[in-house]
Amino acid sequence: MNPFRWSFRTQFLFGFACCAALLGYALYVQFKLGIQPCPFCIFQRLCFGALGLVFLLGALHAPRAAGARKAWALLALVPALGGLVYAGRHSWVQLHPPELPSCGPGLNFIVEQYSWLGAARRVLQATGDCASIDWQFLGLSMPMWAFLWFLGLGLGALYAGFRQRQNYRFRR
C-alpha cells in the first residue's frame, strides 16, 4: 500500500496517529525516564495536540470538495508552522546555550509563592532547562526530531489536501 495514494481520510487519520504516538512518547519520557520538559517542550506538545486535533476533525469530516480539503490542509499547517518555530528556536538554544538558564522557576517555588490554583495555571511553564540536551537519537536531540516531525506532518497535510484526486467512477 502506497501512502501517497491513500484517501484524504486515511492520510489525516495517519497524521492523527503520528501526533498521538509522539505525545504518548513525550509523556513516557517525562514520567518513566524522568526527563522534565522545559517551556519550549510544553509549547511543542501543545502544537502536536492542536495538529492532531485538526487531523482528527479533518478525517472525521472527510470532505469530497477540493476546496474543503485544501482548507483542512491549510488549517493543519497553522499548528505545524507554530511547532516548527518552537522546535527551531529550542534547537537553536540547545546549540548556542545562554550563560544563565532562563526557563523559569521550578514547580516547588511556584507552589510556595502561589496557591494551588495559581500553581495549576503556571504548570505550563515547566521545570526543565531549555539548553540542556538530555536525550538524543542518531545524533539529534528531541527538539530536532520534533522539528523534522512538524515539517513532515505539515508537508503531509499539504499533500493530502492539494493533490489531484483520480476519479475513476465514469471511466472503464
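A residue is called buried here when its relative accessible area is under 20%, exposed when that area is over 50%, and partly exposed in between, as computed with a 1.4 Å probe and with protein chains only. The structure described is a predicted model, in which local features need a pLDDT of at least 70 and side-chain atom pairs count only at pLDDT 80 or more, whereas totals for chains, interfaces and linings use all residues. Residues are numbered from 1 along each chain as its sequence is written, and side-chain values use heavy atoms, with hydrogens and water left out.

The chain contains six helices and two strands, these being DSSP runs numbered from the N terminus, with helices (H or I) of at least four residues and strands (E) of at least two. Along the sequence the elements follow the order α-α-α-α-α-β-β-α. Of the 172 residues in the chain, 34% are buried. Where a contact is defined by heavy atoms within 4.5 Å, residues 24 or more positions apart account for 80% of the contacts in the chain with a separation of 6 or more.

Confidence is expressed as pLDDT, the predictor's confidence in each residue on a scale from 0 to 100. The mean pLDDT of the chain is 79, and 77% of its residues reach 70 or more. Helix α5 (residues 116-121) has the lowest confidence in the chain, with a mean of 56, while α1 has the highest, at 90. Where pLDDT is low, the predicted coordinates should not be read in detail.

Helix α1 spans residues 8-31 and reaches 35 Å from its first C-alpha to its last, close to the 34 Å expected for its 24 residues at 1.5 Å a residue, the expected span being 1.5 Å times one less than the number of residues. Its buried residues, among them Phe-8, Phe-12, Cys-18, Cys-19 and Val-29, pack against α2 (39-61), α3 (66-95) and α6 (142-162). Helix α6, with 21 residues, reaches 30 Å between its first and last C-alpha, close to the expected 30 Å. The buried residues of α6 include Pro-143, Met-144, Phe-150, Leu-153 and Ala-157, and what covers the buried residues of this helix includes α1, α2, α3 and β2 (140-141).

A nonpolar core is taken as a set of buried Ala, Val, Leu, Ile, Met, Phe, Trp, Tyr and Cys residues joined through side-chain atoms within 4.5 Å. In the largest such core, which has 20 residues, Phe-12, Leu-51, Phe-55, Phe-150 and Leu-153 touch the most other members. Helices α1, α2, α3 and α6 each supply at least two residues of this core, and α2 gives the most, with six residues. When residues up to four places away in sequence are not counted, Phe-12 touches Val-54, Phe-55, Gly-58, Ala-59, Trp-72, Ala-73, Ala-157 and Ala-160.

With a disulfide defined as a pair of cysteine sulfur atoms within 2.5 Å, the count comes to zero. Cys-18 is in no disulfide, and the nearest cysteine sulfur, that of Cys-19, is 6.9 Å away. Cys-18 is buried at a relative accessible area of 11%, and Cys-19 also counts as buried, at 1% relative accessibility.

Most residues other than glycine have a negative phi. Ala-62, although not a glycine, has a positive phi of about 45 degrees. This residue is found in the loop between α2 and α3, where Ala-62 counts as partly exposed, at 21% relative accessibility.
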